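Biologist: Can you walk me through this one? I'd like to start with the sheets and then look at some side chains.

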Amino acid sequence: MTTNQYFDSFLQDKLDERIANGLYRSLVHATDKIDFSSNDYFGFSRSLSIKNNHTTVYGAGATGSRSITGNSLLAEDTEKIIAQFHGAAAALIFNSGYMANVGLFSCIAAKGDTFISDEYIHASIIDGMRLSYASRLRFKHNDLSDLEKKLGLATGKKIVSVESIYSMDGDEAPLKKIAELCKKHQAILIVDEAHATGVFGDKGEGLVSKYHLTKDVFACTYTFGKAIGLHGAAIAGSHTLRNYLINNARSFIYTTALPPHTYLQIQDAYKALPMADRTKLFQLIAFFREATLSIKQLSFIDSNSAIQGLITGDNFKAKALAEYLFKKGFYVRPILSPTVPAGTERLRICLHTFNTINEIEMLLTEINNHFL
Ligand SMILES: Cc1ncc(COP(=O)(O)O)c(C=O)c1O
C-alpha cells in the first residue's frame, strides 16, 4: 500500500464511522423537486432581472483583495446602501456570512475578555470565537436568567452573541430583553440577522431595526445568501468598527474580493427588498402552523418564521423521512445531531413565497402517510 493509499483508507474509515452513525453527508441534485429547503424565501435567486442585468458591464473578477486591487467605488457605494437600509452608520462586505462572522469574532476580543453566546449559535460564530484568545461561555437557548448568570461570571470585555431568528429552530431571540441585560452588565451585543434579513421589518430591515435596537446593538451580520438570493454578507456597525475590521479581520484581508457584478446584484436586491411579498410569506407560515396544529402525534417546533422544524428525535428517522419525501417530489433536508442536540434531530422545512397552499397540504399529507 502506498502512503497515499494508506491515508485514503484512514479517511475512508472515518467516513465509514459517519455512515454507521447515520451522519454521512452527500451532495444531491434536487432541481426537479418542490423546494421546501432553501433559504431563498422570496425566490430572489430565481429572478431573471437580478440574475442577468449586469453580468457583462464590468470585468469578471475583482483581481485582488479589497486591501490591494479589489476595492472599488461600487463596493463602497453598496456598503453605504446596506448601512442606510439597516439604519447603521457603516457596513463592510465579506464574501460570505461564514467569513463575516469568522472575521468579526476572531478579532474583536483578546485574552481576558469573554464571549457569551446562545447555545444554538451558528457554527460560523463558534469558529470565529475559537480563533480568538478570549474565553467562551454558553447560555441556555433564549434563557435570560442563564444569560444573566453568565454575564455575572464573565471577565474583561463582555461580548454577547445571538441570532435574531435561529437558523435551525426558526424561533426568535428575546432581543429587547437581551439588549437590556447587556446594558445592565456593560456588555456589547452582536446580532446575526441572517434569517431575518429581508423577512422582518416593514422593508425587510431585520429585527434589530424593527425593534428600534440599532443603538443598543454593537454589530449585526446581514447575509445575502438567504432571502437576498445571492452570495456574501455585511457586518454593520460604527465607522470605527468598519475600519477595525478592514485592519484586523483576516477573512476580509486575505481573500480575493467579490466580483463587481455581485455588488450590482446586491444593490438590485436591496432595491427589490421593500417590495418582497412578506404578507404572502406570513400567510403561508400561518397556514402551515394552523395545519400542523391538527397533527397531534407529530412534534413541530414553535416558530413564527419561514423556518419550521419537525422533530424526529433520531438521525436515522430524520433521514428516512427526508428520503421518503424526496421520492415523493419534495426537497426537504434532515438536520442531524451533532448539528442540533441529540434527541432534537429534525426535518427543517423552509417556506417560500413561491410555495403554494396546495404544495404545503401535499407535503403534510405525505409526512402523515410516512408515519402511518
Ligand atoms: C445564522 C447564520 N449565520 C451565518 C450563516 C453563514 O452565511 P453564508 O451562508 O452566507 O456563509 C448562516 C448560513 O448557514 C446562518 O444560518
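Modeller: We'll take the sheets in turn, then a surface patch, then charged pairs. Keep in mind that this is a predicted model.

Biologist: What is the strand order in the open sheet of 7 strands?

Modeller: The order is E2-E8-E7-E6-E5-E3-E4, and the pairing is mixed.

Biologist: Which strands stand at the edges there?

Modeller: Strand E2 (90-94) and strand E4 (135-139). Each has a single partner strand, so one side of each is left without a neighbour in the sheet. On average, neighbouring strands of this sheet are turned by 20° against each other, direction ignored.

Biologist: How many bridges join E2 and E8?

Modeller: There are 5 bridges, and the two strands pair in the antiparallel sense. E8 covers residues 233-237. Within E8, isoleucine 235 stands opposite leucine 92.

Biologist: Which strands does helix H6 touch?

Modeller: H6 (residues 144-153) packs on this sheet and touches E3, E4, E5 and E6. Its direction makes about 160° with that of E4.

Biologist: Let's pick one residue. Is threonine 223 buried or exposed?

Modeller: Threonine 223 is in strand E7 (residues 219-223). Its relative accessibility is 8%, so it counts as buried.

Biologist: What is threonine 223 in contact with, leaving aside its neighbours within four places in sequence?

Modeller: Its contacts are Gly97, Ala194, Thr197, Ile228, Gly232 and Ala233.

Biologist: On to the open sheet of 4 strands. What is its order?

Modeller: E9-E10-E13-E12, with antiparallel pairing. E9 (299-300) and E12 (333-335) stand at the edges. Each has a single partner strand, so one side of each has no neighbour in the sheet.

Biologist: How do the pairs line up, strand by strand?

Modeller: E9 and E10 (residues 307-311) pair over 2 bridges. Phenylalanine 300 has leucine 310 in E10 as its bridge partner. E10 and E13 pair over 5 bridges. E12 and E13 are joined by 3 bridges.

Biologist: What does arginine 346 in E13 stand opposite?

Modeller: Isoleucine 335 stands opposite arginine 346. Arginine 346 is also the bridge partner of isoleucine 311.

Biologist: How many residues of E13 are buried?

Modeller: 5 of its 5 residues are buried. Both faces are covered. Arg346, Arg348 and Cys350 are on one side, and Leu347 and Ile349 are on the other.

Biologist: Which strands does helix H13 lie across?

Modeller: H13 (residues 315-327) lies across E10, E12 and E13, running at about 40° to E13. Helix H14 (residues 357-371) also packs on the sheet, touching E9, E10 and E13. The direction of H14 makes about 170° with that of E13.

Biologist: Now the surface. Which residues make the nonpolar patch?

Modeller: Met1, Tyr6, Phe7, Phe10 and Leu11 make a nonpolar surface patch of about 590 Å². Phenylalanine 7 is in helix H1 (residues 3-20). With a relative accessible area of 48%, phenylalanine 7 is partly exposed.

Biologist: Last topic, charges. How many salt bridges does the count come to?

Modeller: The count comes to 12 salt bridges. One of them joins the side chains of glutamate 79 and arginine 242, at 2.5 Å from N to O. Glutamate 79 is in helix H3 and arginine 242 is in helix H9, 163 residues apart.

Biologist: Is glutamate 79 buried or exposed?

Modeller: Glutamate 79 is buried, at 2% relative accessible area. Arginine 242 counts as buried as well, at 17%.

Biologist: And what about aspartate 113?

Modeller: Aspartate 113 forms a salt bridge with lysine 157, with the closest N and O atoms 3.4 Å apart. Both sit in loops: aspartate 113 between helix H4 and E3, lysine 157 between H6 and E5. Aspartate 113 counts as buried at 6%, whereas lysine 157 counts as exposed at 53%.

Biologist: How far apart in the helix are aspartate 268 and lysine 271?

Modeller: They are 3 residues apart in helix H11 (residues 260-272), so about one helical turn separates them. Aspartate 268 is buried at 14%, but lysine 271 is exposed at 57%.

Definitions and conventions. Residues are numbered from 1 along each chain as its sequence is written. This is a predicted model: local features need pLDDT of at least 70, side-chain atom pairs count only at pLDDT 80 or more; totals for chains, interfaces and linings use all residues. Side-chain values use heavy atoms; hydrogens and water are left out. Two strands pair if DSSP finds at least two bridges between them. Contact means heavy atoms within 4.5 Å. Axes are lines fitted to C-alpha atoms, for helices over the stretch in contact, and angles run from 0 to 180 degrees between N-to-C directions. Buried means under 20% relative accessible area, exposed over 50%, partly exposed in between (1.4 Å probe, protein chains only). Patches are made of residues with over 30% relative accessible area and no salt bridge: like charges are joined within 9 Å, nonpolar side chains (Val, Leu, Ile, Met, Phe, Trp, Tyr) within 5 Å. Accessible areas come from the Shrake-Rupley method with a 1.4 Å probe; for residues, only the protein chains shown count as cover. A salt bridge is a side-chain nitrogen of Lys or Arg within 4 Å of a carboxyl oxygen of Asp or Glu.
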